[in-house]
Amino acid sequence: MSLDIQAIRAQFPILEQQVHGKPLVYLDNAATTQKPLAVINALDEYYRLDNSNVHRGAHTLADRATQKFEHGRQVVQRFLNAPAPELVLWSRGTTESINMVAQSYGRTFLQKGDVILVSAMEHHANIVPWQMLCEEKGCILKPIPVKPNGELDMAAFDALLDGSVKFVSVVHVSNALGTVNPVAEIIQKAHAVGAKVLVDGAQAVAHFPVDVQALDCDFYVFSAHKVFGPTGLGVLYGKRELLNAMPPYQGGGEMIAKVSFAGTTYNELPYKFEAGTPHIAGVIGLAAGLEYFMSLDRIALAQHEDELLQYAMQKARAIEGITLIGEAPKKAGVMSFLMAGAHPSDVGMLLDQQGIAVRTGHHCAMPIMDQLCIPGTVRASFSIYSTKADVDALIAGLEKVKMFL
Ligand code: PLP
């Protein structure tokens with residue numbers, strides 16, 4: 001399969017617009033990716049033709065909606081190489097998926113004094129749910145240190161690992177720095193001391209193929225909107241024996257087998273964890289987006305994105321006053337940086353005036369910003385439709401910003 005980035009761009013109509021009279025250069029993909037026609041059309045078709053509630057309906061529309069909805073689960077199963085569709089649970093996003101595990105697995109199976117490890121580069125979504133659990137249960141949350149270049153300190157991880165560690169929750173790709181963490185090694189080492197492992201794949205899944213069986217992770221989570229799907233939908237993959245042993249996260253319709261005032265029994269997987277009407281359109285949209293994404297040459301795309309990132313970093317390094325933040329040897333999708341004499345938010349605003357969309361601030365990763373003694377960064381983040389021309393526009397934009405200083 002050959003890679004035609006212009007043909008890919010043509011599938012994303014939002015990219016064709018002008019912002020402040022300049023062609024849009026969208027480099028905020030770590031915050032959310034744009035949506036291809038496949039997703040837009042699937043949502044349109046669903047609401048025009050199929051809209052209905054799923055599972056309980058006795059009519060044709062309900063059947064069609066249910067079939068498309070459950071097809072979505074199979075698509076995600078294929079996307080993650082999960083062993084079975086019922087091990088793919090829907091949530092509102094990565095944040096809710098992590099909260100589900102902290103609340104359901106954590107409250108049931110973690111005890112006072114148990115150690116939970118997260119990395120120091122986590123998004124707040126993979127810190128705060130564990131802090132809340134620790135407050136309630138008396139568990140101890142410890143950060144795995146990060147080296148100044150943004151690489152996870154694996155020697156420090158080894159030193160932290162002992163029999164008291166019962167859970168490790170770690171980000172696959174850092175949204176703030178772009179670091180790709182050695183999750184396979186982390187999982188294998190954590191399992192050796194009897195700890196379970198959750199991998200936050202929010203930033204990983206759009207950049208390279210993920211195989212949950214090869215990784216042998218206990219839980220893997222991601223958000224639909226960061227991989228070309230709609231907002232408000234997330235995925236929690238879990239191993240069958242763990243999901244079976246875990247109590248429901250929420251009570252309500254759909255998650256029950258039988259309800260009576262004498263007592264209620266719960267539904268089987270995946271429905272035990274899916275109380276209430278789900279985000280039906282979201283699932284159908286995500287399925288269409290992932291089918292489109294999986295039809296592309298993903299290895300070639302990962303290579304294209306890596307070349308782009310290396311090119312951007314090399315160009316940025318050459319600009320006087322720019323400091324790259326996060327230069328781990330393995331990175332994906334994200335270039336964070338600072339410009340001497342300019343606050344990141346001012347850089348972001350001046351780039352926006354030139355049609356260039358980046359994100360500025362702490363990127364919901366305050367602990368790593370504190371460790372690096374910076375208030376935040378400017379973050380340019382790439383996706384499958386990003387081009388060398390986008391990088392050139394960013395670099396020219398930064399040169400212009402410098403003239404304002
Ligand atoms: N984890 C990582 C690494 C992220 O980048 C994000 C979002 O930026 C999240 C978790 C939270 O994702 P959501 O807001 O979609 O729940």
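**An open sheet and its helical neighbours**

Four strands, in the order 13-14-17-16, form an open sheet with antiparallel pairing; strands here are DSSP runs of E with at least two residues, helices are runs of H or I with at least four residues, and both are numbered from the N terminus. Two strands are taken to pair if DSSP finds at least two bridges between them. Strand 13 (322–325) and strand 16 (359–361) each have a single partner strand and stand at the edges, so one side of each is left without a neighbour in the sheet. From one strand to the next, the twist averages 30 degrees.

The model is predicted, with local features needing pLDDT of at least 70 and side-chain atom pairs counting only at pLDDT 80 or more, while totals for chains, interfaces and linings use all residues. Residues are numbered from 1 along each chain as its sequence is written, and side-chain values use heavy atoms, leaving out hydrogens and water.

Within the sheet, strand 14 (residues 334–339) and strand 17 (residues 377–381) run antiparallel and are joined by 4 bridges. Ser 336 stands opposite Arg 379 in strand 17. Helix 11 (residues 298–317) lies across strand 13 and strand 14, running at about 10 degrees to strand 14; contact means heavy atoms within 4.5 Å. Axes are lines fitted to C-alpha atoms, for helices over the stretch in contact, and angles run from 0 to 180 degrees between N-to-C directions.

Elsewhere, helix 2 (residues 37–50) packs with helix 10 (residues 280–294) at an angle of about 145 degrees, with their axes 8 Å apart. Residues making this contact include Ala 42 and Tyr 46 of helix 2, and Ile 284 and Ala 288 of helix 10.
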